[in-house]
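Please look over the model shown below, with its helices, strands, core and loops in mind.

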Amino acid sequence: MATSKKQRLSEVELRKRIQEAGLRVTLPRIQILKTLVQNEGHHSIDAIHTDLKARDIILPRASVYNAMYKFIESGLVQSLTTMGRVLYEIASEPHAHFMC
C-alpha cells in the first residue's frame, strides 16, 4: 500500500483498502486506519488511542490492539519495536529501520 507522506484518503478509499486486505470493514478499523494515515510517522497504541479519544472516538484500548494486529497480519500496517516500545505506521515502501 504505497501512501505518500501528505496523502489523505477518503473514508471510501480507506474502506476499499481494508476490504482489499481481506478484512471486514468496521467503523473502528476505518477510524484507526484514518488516524495512522493522517498522522505521519510512527505511533504507539497509546498515541493512537489518545488521538482517537481527542476526536471523540471512544474505543477500548484492546480494540485498537486487535485492529493493529489484523492490519499487520494483512500488510496494511508495519510495526517496529525499539527500546521496548512497539510503534506502528502505514505500510509503504520498505525503509531501513523496518528491515530485518
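With a relative accessibility of 68%, D56 counts as exposed, because that term applies over 50% relative accessible area, whereas buried means under 20% and partly exposed lies in between (1.4 Å probe, protein chains only). The model is a predicted one, in which local features need pLDDT of at least 70 and side-chain atom pairs count only at pLDDT 80 or more, while totals for chains, interfaces and linings use all residues. Residues are numbered from 1 along each chain as its sequence is written, and side-chain values use heavy atoms, with hydrogens and water left out.

**Loop residues with positive phi**

- Most residues other than glycine have a negative phi.
- D56, which is not a glycine, has a positive phi of about 60°, and D56 is found in the loop between α3 and α4.
- M83, also a residue other than glycine, takes a positive phi near 50° and is found in the loop between β1 and β2.
- M83 is exposed, its relative accessible area being 83%.

**Overall make-up**

- The chain contains four helices and two strands, these being DSSP runs numbered from the N terminus (helices H or I, at least four residues; strands E, at least two).
- From the N terminus on, the order of the elements is α-α-α-α-β-β.
- Of the 100 residues in the chain, 37% count as buried.
- Contact means heavy atoms within 4.5 Å, and among the contacts between residues at least 6 apart in sequence, 45% join residues at least 24 apart.

**The strand pair**

- Strand β1 (residues 77-82) and β2 run antiparallel and are joined by six bridges, where two strands pair if DSSP finds at least two bridges between them.
- T81 stands opposite V86 in β2, and the hairpin of β1 and β2 has two residues between the strands.

**The nonpolar core**

- The largest nonpolar core has 22 residues, of which I32, L33, M68, F71 and V77 touch the most other members; such a core is a set of buried Ala, Val, Leu, Ile, Met, Phe, Trp, Tyr and Cys residues joined through side-chain atoms within 4.5 Å.
- At least two residues of this core are supplied by each of α1 (11-20), α2 (27-38), α3 (45-54), α4 (61-74) and β2 (85-90), and the largest share, five residues, comes from α2.
- Leaving aside neighbours within four places in sequence, I32 is in contact with I48, L52, L59, S63, V64, A67, M68 and F71.

**Helix packing**

- α2 and α4 pack at an angle of about 75° with their axes 10 Å apart, where axes are lines fitted to C-alpha atoms, for helices over the stretch in contact, and angles run from 0 to 180 degrees between N-to-C directions.
- That angle makes α2 roughly perpendicular to α4, on a scale where angles under 35 degrees count as roughly parallel, over 145 as roughly antiparallel, 65 to 115 as roughly perpendicular and the rest as oblique.
- R29, I32, L33 and L36 of α2 make this contact with S63, V64, A67, M68, K70 and F71 of α4.
- The axes of α3 and α4 come within 10 Å and cross at roughly 120°, and the two helices are therefore oblique to each other.
- The contact between α3 and α4 is made by I45, D46, I48, H49 and L52 of α3 and by R61, V64, Y65 and M68 of α4.
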